[in-house]
Amino acid sequence: MSETAPVVLKVEGLSKSFGGIHAVSDVHFELARGELLALIGPNGAGKTTCFNMLMGQLKPSSGNVYLHGEKITGQKPRRIWRKGVGRTFQITGTYPSMTVIENIQMALISHHRRLFSLGPHATRLYREQAMQLLELVGMPEQAERACAILAYGDLKRLELAIALSHEPTLLLMDEPTAGMAPRERIALMQLTADIVQKRNISVLFTEHDMDVVFAHAHRLMVLNRGELIANGTVEEIRNDAVVQEVYLGGGNLFAEGDTHA
Amino acid sequence: MGLFIAQLLTGLANAATLFLVASGLSLIFGVTRIVNFAHGSFYMLGAFIGYSLMQVLPGAIGFWASVLLTGVLVGLIGVIVEVLVLRPVYKAPELFQLVATFGVILVIQDLALMVWGAEDLLGPRAPGLKGVVRIMDEPIPLYDLALIAITPFVLFALWYLIARTRVGVLVRAATQDREMVAALGVNQSWLFTGVFFLGAALAGLGGAIQLPKGGADLLMDFNILAAIFVVVVIGGMGSLPGAYIAAVLISVLNVFGVTYLPQSTLVLMYIVMAIVLTVRPYGLLGREEVVGEHGQVGEPERPIKPASTKARVLVGILLLCLFALPLAGSHFLLILTTDIIIFCLFAASLHFLLGLGGLVSFGHAAYFGGGAYVAGLLVVHVNAPMELAFVLAPLGAGLAAFIIGWLCLRLTGVYFAMLTLALAQLLWSLVFQWDEFTGGDDGLVDIWPAEWLSQANSYFYFTVVVGVGGILLLRHVAHSPFGYALRASRDSQRQAEATGINTKRVQWMAFTLAGTLAGVAGALFIFSKGSVFPNELEITKSFDGLIVVFLGGVKTLSGGVVGAASLELVKDYLTRLEYWRLALGLLIIVVVVLAPHGIVGSLRKLRERLSGRAEDDVSTVTSSATATANLQSPESER
């Protein structure tokens, strides 16, 4: 990423404790426009906690989050969403009683502030836009299916379409490929990377699959026991001794060409 | 001071029964997630069975043996109910079991009537404990002291059972995660049965042990139901010590209330509950319930569609039939149809809340009766014209829903349901006890429609237009963006909030709308009957609504209306029988067992099976992506 790209998200000294446990402590980072930033770390490192604080699901114990320079710390998820942040969940959250396209229309209705409208037939609102989003994530033929019967990979793609519905400038994706087959993972992240490039939006995502991370992330951050222990390009992280220690107990699994997909 | 102590002791003694019954309810709910409406019936059975046993077993030993034996017998009755009625419907959609337990209430009421007759029975006094002791010059019955002494032991025994034994470990594990317990090789169905035995036995003990202080009558079941709900909620769902503290609190307060505030004894309990829940939303010793995804257990609801041409034509024909009905010339038919339409509108408004919103209100009658009372009070006190009263009635009901909804929506799941019940009962007790203003038990009478509607036919047409109009309006709203936002808030609150939907506000508005339309139904009701009595906003009325919504089918748009129409028709026929409750109860149980998706849902399934259309059927998919009901499984979202 070019050094001059404007900062979209800035995180300062973000911390969260649950009782005596420091789930996240003193995390600092910045995310530039158009950047695909991966947040990695072992299980329990605090990735999801971090995410939930960025998106407002959790209130930080201390520290601040700035979106385009505006402080958004502790605001409600729906407010942050209105400021142009989309998110997908580790465990998908969709509306099983609606069709696939209605799931997206729902977000569009919210975006256009017509939630309390008593006008007729929500299914006719913003259909074309919803269809375009479905085409974007490659599942237009599933538009009229009940969301409840979708395969898990499709749910993930649907969630991505929902997250993109209000044309966000920042996308937060918590383990976007968890529970998917290897081939699907690559495809989904490729899709995300394309969208990022096309729309020039920024993405912060967490991921366990190093193939996915190394293939698509522009930059990596490593979280361990709630602390950010490394922040740099793929190359830098691969060669970082501390990261290797944390992840592999000294071994070298990050060696180039080590793929298992 | 002496009087004070005496009253305190009386309250403590009264708490014994309340605690026993409430702890049973709490246990059953904790493990099976079934809100057992029939719990009051087990208590009533305990009183009757205990009474009969005490007639044949002599002396002090006989008395206490009767009490224990009653517990065992009622426990066994609980087992029969669990195995025959509930076991077949554990997999049914959320809260469907409520309907089954309601059927059990009706059956037990008539069976008790058959066996013990309609006369109230005066309980025998406990041998050896008939006397009184004087404490600070006040006479205290010995039996009261015995009860005060016994209750902590019962509490301790239960606590020991739950906290220190292997069975208790299983029960607690099942409370947290039933599937996991089953996966670890525990026979879940027998665990459920066991818990049902224990819960029912506790209710039976409660019924038997209060005999010397009270007696046995056929109204006991409903009379205690609201009180034990309140106790369980104040104490905190699933907390035995909490239930004890709450039982003591309520009982003592009640005794003092009778002395110092005789006009408001009933209200007091609900006010205490409202205060406790405002300060501690999950009860005194309860733990916060983790919000799950709302309203969905088992297979999810199908996507809704605008009515097909065929359906529109069908509704059109039905409407034509309604308009042609006066031509049939039967006055009785007109009255019956008017009743049905009013009940359908009431049910549709509850269905809107419950089905689309996933908000289980146990107190919806408050807005129906509330609407009726607003209209009645306006007519009686300020001589308002019917038109004005008719417009203000729904607004009054809507305002009540607006306020109560705001209070209740701070809670979720079963706490929400219980608080709606308590606040509805608060309104009921206000109406019931505020004689000068509301007429109390005598109701409000002589409230008739305006001149232009005074003909039987014209009021019938008025009911058709307003009633059917209300139902169609609700259906319209279901398809509107607001209706979708409501379903989104139910399906996944997390996703909804993350995409800009203020779910609480959406639910609040839905609650208000449902209350307003229930108020319309109430207004239609009072002018069709010419009178209104407190039972129109009582717990049984709310339950009636719940029953028909579930029977009709929660997950279908027309469920509420179909259920209401069916039940009202059937009731009209059955109530001519001597033991109609028995017949109706059995019928409800049979429908519950045979049609676990409700009438509309099950018919649809049958049709699909016959036409062989199973492709894309949501039922063929496992529920991996399915959200879980907040009431049934509060731990679903982590």
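Two strands pair if DSSP finds at least two bridges between them. Helices (H or I, at least four residues) and strands (E, at least two) are DSSP runs, numbered from the N terminus.

Some ground rules before we start. The model is predicted: local features need pLDDT of at least 70 and side-chain atom pairs count only at pLDDT 80 or more, while totals for chains, interfaces and linings use all residues. Residues are numbered from 1 along each chain as its sequence is written, and chains are lettered from A and ligands numbered from 1 in the order in which they are written.

**Exercise 1. Trace the open sheet of four strands in chain A.**

Step one: write down the strand order, which is 2-1-4-5 with antiparallel pairing.
Step two: look at the edges. Strand 2 (21-32) and strand 5 (70-71) of chain A each have a single partner strand, so one side of each is left without a neighbour in the sheet.
Step three: take one pair. Strand 1 (residues 7-18) and strand 4 (residues 62-67) of chain A are joined in the antiparallel sense over five bridges. In strand 4 of chain A, A:Val65 is the residue opposite A:Val11.

**Exercise 2. Describe the side of chain A that touches chain B.**

Step one: count. Contact (C-beta atoms, placed from the backbone, within 7 Å) links 38 residues of chain A with 35 residues of chain B.
Step two: find the elements. Helix 2 (77-82), helix 3 (100-111) and helix 5 (152-164) of chain A give two or more residues, and helix 3 of chain A gives the most, with six.
Step three: sort by class. This side has 22 nonpolar, ten polar and six charged residues; here Ala, Val, Leu, Ile, Met, Phe, Trp, Tyr, Cys and Pro count as nonpolar, Asp, Glu, Lys and Arg as charged, and the others, Gly among them, as polar.

**Exercise 3. Examine how the two domains of chain B meet.**

Domain 1 of chain B covers 2-279 and domain 2 covers 335-574.
Step two: their centres, taken over C-alpha atoms, are 31 Å apart.
Step three: each domain of chain B puts 24 residues into the contact. On the domain 1 side, helix 11 of chain B gives the most, with seven residues. That side divides into 22 nonpolar, two polar and no charged residues.

**Exercise 4. Judge the confidence in chain A.**

Step one: the mean pLDDT (the predictor's confidence in each residue, from 0 to 100) is 86, and 93% of the residues score at least 70.
Step two: confidence is lowest in helix 9 (residues 241-248) of chain A, at a mean of 73, and highest in helix 3 of chain A, at 94.

Methods:
Domains from an automatic or database assignment.
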